[in-house]
Amino acid sequence: EEGFLSRWFPWETWGRRAPWYLTHCIGCAICTSLLYFPPSWDPVVLCIWYLIWGCCCAWLLAVQFTCFESARAEIYPTKEERSETESLCKVTSGIGNALGLLPQLVVAANMTRLSLSLAGASFLLVGLISLASVPVLRQARQAFNQDAMPTCFFWEYLEVIRQPAFALLCMYRFFDGAVNTLLVNGALYYYTFVSGLSGSDRSLYITVTGIAQGFVTMSLLPVWTIFFRKKRPTNNNKVCAGACSMGLVAPIALYFFHGVLADPFDFLVYFVLIGASFTGQTYWRAIVLCWVVDEDCQAKAGRRREAIFVGCISLISSTGRAAASGILLTALSAAGLEVSNCAAECTNVDRDAMSKCREECEIQNFQSQDPAVATCIQFFYFAVIPSCQLIAVVLTYIFPIHSHRLELIYKNQEEIYKPMTGMSDTPKATKATHEVSTVETAPPAPAPVETAPEAVPQAPQAPQAPQAPQAP
């Protein structure tokens with residue numbers, strides 16, 4: 001922040017998150033589109049091409065997610081705002097997933113240079129649409145004490161991971177990422193090597209699965225938004241654990257519906273059940289991360305290390321997803337999975353016969369597989385995914401922030417952000433400083449955000465703060 005970005009994007013007007021998000025969002029849109037413009041169909045060239053741009057996209061996306069999540073915890077300090085923000089994020093992310101899936105389905109159904117070019121252009125456009133959130137991210141400029149900021153992110157990672165609540169959340173995010181990765185990535189293999197679908201039929205059923213999942217998620221959004229918006233005497237962690245455990249019946253449904261429902265509708269039921277059981281967990285994991293961040297900020301005056309927590313949790317979640325993908329692909333390889341590159345084999349075929357050539361190639365890929373491949377895929381859906389979900393349920397149930405501890409966090413948040421009530425949506429704060437460290441040491445004192453004269457009580461005569469003499 002002391003280098004290029006801080007010179008061109010001053011913290012006082014841009015905040016600490018928006019510059020990183022702006023630059024990396026543009027870079028990510030460009031890198032994603034370049035994935036769909038390989039210079040050759042040679043397998044070695046394709047592997048190198050996808051490796052280079054895939055690594056770039058992974059890095060850029062990690063920075064974007066860190067900026068977004070850390071800014072969200074800073075801009076929206078109350079539980080009401082956070083629950084409503086999460087519901088909007090669910091809707092917009094669902095739309096984004098649909099926009100991102102559509103080009104991939106078109107390419108999967110008929111991969112040509114034209115379809116790849118259109119897919120790359122669409123990803124470039126959709127990626128740049130996210131720049132609309134930059135003005136909101138510029139509001140993330142709460143006052144902070146430079147002396148309380150991290151000097152080495154590695155040691156900060158070790159420090160925050162030692163917090164029991166955060167360590168438990170990290171373990172949850174590992175298994176949460178593993179479940180969702182196996183569920184989504186394995187669906188393509190299930191439809192291909194268990195259900196025997198290919199080409200446009202496979203793309204159609206993947207689309208139907210996504211639409212069904214989206215409908216169920218949208219139906220549950222109001223329920224979870226209302227639940228997290230209000231204070232309740234119940235332990236939210238136990239309620240979410242109970243709702244998530246409902247997904248454990250999905251393997252039973254897949255077993256009994258197989259042969260009763262037309263293939264692959266039995267798998268569609270499985271997919272929707274798992275997805276629906278995790279709908280509330282997206283709220284839970286976002287809100288409890290904010291609880292952990294709030295508690296850390298309240299423990300030391302002027303300390304704002306939202307990005308450290310979000311970066312650490314993103315690392316753990318990405319590790320879980322990568323481990324799940326690696327284990328799945330390794331298991332399929334060990335089971336004897338061998339597929340032909342249908343795009344390369346049908347390159348020299350006439351345009352009119354290319355579609356038929358690829359369809360025959362994909363059918364041959366399915367028929368030539370060892371039966372152990374289908375058994376391996378079914379094992380993941382009957383055993384591995386339910387086991388990971390069971391662990392996630394247990395970690396949710398035993399999460400330690402609730403009841404009195406949670407009420408204390410809410411009370412401190414209200415005291416800290418009380419002076420900001422009724423102020424501008426874009427508060428101006430200084431990099432501050434000594435006032436922060438002196439005022440925030442007493443929880444009842446208001447936060448010293450230099451946004452307006454009335455933010456800091458001056459004298460007993462001020463009509464807006466008659467109790468000022470009792471709050472040093």
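Is G302 buried or exposed, and what is its relative accessible area?

A: G302 is buried, with a relative accessible area of 3%; buried means under 20%, exposed over 50% and partly exposed in between, using a 1.4 Å probe and protein chains only. A word on the basis: this is a predicted model, in which local features need pLDDT of at least 70 and side-chain atom pairs count only at pLDDT 80 or more, while totals for chains, interfaces and linings use all residues. Residues are numbered from 1 along each chain as its sequence is written, and side-chain values use heavy atoms, without hydrogens or water.

You will find G302 in the loop between α14 and α15 (306–335). Its C-alpha lies 9.5 Å from that of Q142, although 160 residues separate G302 and Q142 in sequence. Of its 472 residues, 44% count as buried. Among contacts (heavy atoms within 4.5 Å) between residues at least 6 apart in sequence, 79% join residues at least 24 apart.

The structure holds two cavities of 30 Å³ or more, a cavity being a set of points on a 1 Å grid over the protein atoms alone where a 1.4 Å probe fits but cannot get out. Lining the second largest cavity (an atom within 4 Å of a point) are E69, S70, R72, A73, A286, L289, C290, V293 and V310. Two or more of these lining residues come from each of α4 (43–75) and α14 (279–299).

One of those lining residues, R72, is touched by T85, which also touches Y76, leaving aside residues up to four places away in sequence. T85 sits in helix α5 (residues 79–109) and is buried at 13% relative accessible area. Its side chain reaches the backbone oxygen of E81 at 2.6 Å.

The structure holds 22 aromatic pairs. In one of them, the ring centres of W224 and F227 are 5.7 Å apart and the planes stand at 90 degrees, so this pair is edge-to-face; rings of Phe, Tyr and Trp (its six-membered ring) pair with centres within 6.5 Å, and planes under 30 degrees apart are stacked, over 60 edge-to-face and the rest tilted. Both W224 and F227 belong to helix α10 (residues 199–229), three residues or about one turn apart, and both are buried. Elsewhere, ring pairs tie Y190, Y191, F267, Y270, F271 and Y381 into a cluster.

For a contrast with buried G302, look at Q367 in helix α17 (residues 351–367): Q367 is exposed, at 56% relative accessible area.

Technical notes: Helix = DSSP H or I, 4+ residues; strand = E, 2+ residues; numbered from the N terminus. Polar contact = N/O pair within 3.5 Å; in protein donor to acceptor, adjacent residues only side chain to side chain. 1 Å grid on protein atoms, 1.4 Å probe; cavity = no way out; pocket = protein on both sides within 12 Å on 5 of 7 lines; lining within 4 Å. Points joined across faces, edges and corners; volume = space filled by probe spheres on them.
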